[in-house]
Amino acid sequence: MSIEVHINWLSGTHLVGRLHAADRSPSVSFEYAPEWLQRDDAFAIDPTSLPLQRGLHHATTLFGAIQDCGPDRWGRVLIERAVRKKVLTQKPYRDIDYVLALDDASRIGALRFRTDAKSSFLAPTSGKLPPLVRLNELLSATDAIHSETETAQDLRFLLGAGSPVGGARPKAAVALANGQLGIAKFPKPDDPRDIAAGEILALTLATKAGIQVAEHQRVILAGQSIAVITRFDRAGKERTPFISASSLLGLAEGDLGAYTMLADGIRQFGRDVPGDLQELWRRLVFSLLASNYDDHMRNHGFLMHEPGRWSLSPAYDLNPVPEMDRADTNKTAITEDNGESSILGALAAAGRFGLRAAESKKILNEVFTAVTGWRNSGRQLRIKASTLDAYASAFEHPLIDETESVLNK
Ligand SMILES: Nc1ncnc2c1ncn2[C@@H]1O[C@H](COP(=O)(O)OP(=O)(O)OP(=O)(O)O)[C@@H](O)[C@H]1O
Ligand SMILES: [Mg+2]
């Protein structure tokens with residue numbers, strides 16, 4: 001199988017290269033198109049696994065940048081159900097089949113795929129995303145997926161223009177009132193608490209802590225919270241290239257990475273290196289103080305605004321995790337040789353982020369002030385007291401005490 005890979009860049013869609021995928025095997029190869037290589041502003045779509053060179057690049061699994069715009073656990077469930085119910089005729093075997101099953105209009109980032117010059121971009125789209133007013137229909141369709149009672153119509157609706165973007169949690173692409181694209185993140189029946197309320201609270205606290213975050217709002221439907229996040233990889237009709245931190249670093253599946261490795265990645269491929277290093281350290285400290293244990297390397301991302309240079313995307317998928325639920329999560333380590341999470345460890349590593357001691361303490365203090373005001377912020381967001389109580393141990397814990405003593409509070 002051979003697929004044309006295109007990219008939306010500077011108001012046009014350009015052929016970047018061709019992907020060849022072996023039949024029923026994960027092996028792939030990619031070759032940049034001569035017309036792309038000849039451009040003055042040509043750039044690598046994936047700086048680590050697809051450097052900008054002529055000739056074939058080979059890999060035993062799909063290249064990171066292409067995997068990043070495919071589905072994750074939630075999308076795969078939908079696609080597999082759709083095959084079972086004959087809504088999709090082609091059974092996906094390889095990772096690339098799953099990527100191509102997703103809707104072109106809502107695909108994350110700027111890559112687009114088609115089989116040849118005469119065909120439309122995959123998966124063909126009606127171009128119409130469900131507007132926010134149809135959230136209730138999207139919610140009942142996702143509920144039907146959880147209870148395994150979904151109809152072919154539910155699957156068509158969820159896999160159609162409102163196609164699943166990546167990630168494990170139930171979600172759908174939606175059109176916001178102002179015409180921007182959004183992601184609606186829905187509850188699951190087995191959620192131990194109001195997850196969307198926690199995410200919106202964390203994004204609010206992160207903003208107060210001086211972190212750049214994706215625009216967000218909480219919508220309440222039938223007593224349930226839904227987090228609606230504005231997409232940062234679109235500007236009007238334009239698409240902005242996106243890759244995950246995992247791809248920037250060329251990590252293999254299951255490779256956990258570390259914040260200092262990401263700092264090295266920013267040094268190598270970044271646009272505003274000192275600014276992004278400082279921002280990353282702020283996010284690292286925020287993740288410690290707000291117990292954002294879900295900070296794996298697909299929950300950090302980069303956007304390209306200047307050819308070949310990658311900038312940290314606004315922060316997304318921030319989730320405070322109370323103490324009792326931490327056993328199953330692997331928090332990203334501060335450094336590659338120390339998996340222990342501590343404020344002293346973060347301060348000791350600050351030099352790798354280009355920060356002097358006084359600067360790092362100032363940032364720590366700003367993050368501390370934002371996080372310790374969590375209950376007030378939660379009340380202002382009208383989150384129920386019982387929900388806030390369920391999150392208390394995410395914001396009141398020994399690392400907060402450690403910060404107090406480091407800052408002499
Ligand atoms: N605001 C945004 N704009 C563009 N892309 C986004 C945005 N937020 C998230 N994404 C992309 O969508 C993917 C899924 O979103 P998100 O991480 O919020 O979902 P999730 O299901 O909670 O993920 P996880 O599997 O980490 O729990 C992200 O990995 C990222 O690639
Ligand atoms: Mg995520």
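## Strands E13 and E14

Strand E13 (residues 301-306) runs antiparallel to E14, and 4 bridges join the two. Strands here are DSSP runs of at least two residues (E), helices are runs of at least four (H or I), and both are numbered from the N terminus. Two strands count as paired if DSSP finds at least two bridges between them. Within this pair, Phe302 has Leu312 of E14 as its bridge partner.

Both strands belong to an open sheet of 3 strands, ordered E12-E13-E14 with antiparallel pairing. Strand E12 (242-244) and strand E14 (309-312) are the edges; each has a single partner strand, so one side of each lacks a neighbour in the sheet. Neighbouring strands are turned by 40° against each other on average, direction ignored.

## About the model

A quick note before going on: this is a predicted model, where local features need pLDDT of at least 70, side-chain atom pairs count only at pLDDT 80 or more, and totals for chains, interfaces and linings use all residues. Residues are numbered from 1 along each chain as its sequence is written, while chains are lettered from A and ligands numbered from 1 in the order in which they are written.

## The four-stranded sheet

Another open sheet has 4 strands in the order E6-E7-E9-E8, again with antiparallel pairing. Strand E6 (171-175) and E8 sit at its edges with a single partner strand each, so one side of each has no neighbour in the sheet. From one strand to the next, the twist averages 30°.

Strand E8 (residues 216-221) and strand E9 (residues 224-230) pair over 6 bridges in the antiparallel sense. His216 has Ile229 in E9 as its bridge partner, and Leu221 stands opposite Gln224 in E9. The hairpin of E8 and E9 has 2 residues between the strands, and there Ala222 takes a positive phi near 50°.

## Helices H5 and H6

Helix H5 (residues 135-146) packs against helix H6 (residues 152-159) at an angle of about 120°, with the axes 10 Å apart. Axes are lines fitted to C-alpha atoms, for helices over the stretch in contact, and angles between N-to-C directions run from 0 to 180 degrees. H5 and H6 are therefore oblique to each other (under 35 degrees is roughly parallel, over 145 roughly antiparallel, 65 to 115 roughly perpendicular, and the rest oblique). Their crossing is left-handed, meaning that the near helix is turned anticlockwise from the far one by less than a right angle; clockwise would be right-handed.

On the H5 side, Glu137, Ala141, Thr142 and Ala144 meet Asp154, Phe157 and Leu158 of H6; contact requires C-beta atoms, placed from the backbone, to lie within 7 Å. These residues divide into 4 nonpolar, 1 polar and 2 charged. For the classes, Ala, Val, Leu, Ile, Met, Phe, Trp, Tyr, Cys and Pro are nonpolar, Asp, Glu, Lys and Arg are charged, and the others, Gly among them, are polar.

## Helices H9 and H10

Helix H9 (residues 259-269) and helix H10 (residues 273-289) have axes that come within 9 Å and cross at roughly 165°. That makes H9 roughly antiparallel to H10, and the crossing is right-handed.

Tyr259, Leu262, Ala263, Ile266 and Arg267 of H9 meet Val273, Asp276, Leu277, Leu280 and Leu284 of H10. By class, this contact has 8 nonpolar, no polar and 2 charged residues.

Conventions. Two residues are in contact if their C-beta atoms, placed from the backbone, lie within 7 Å.
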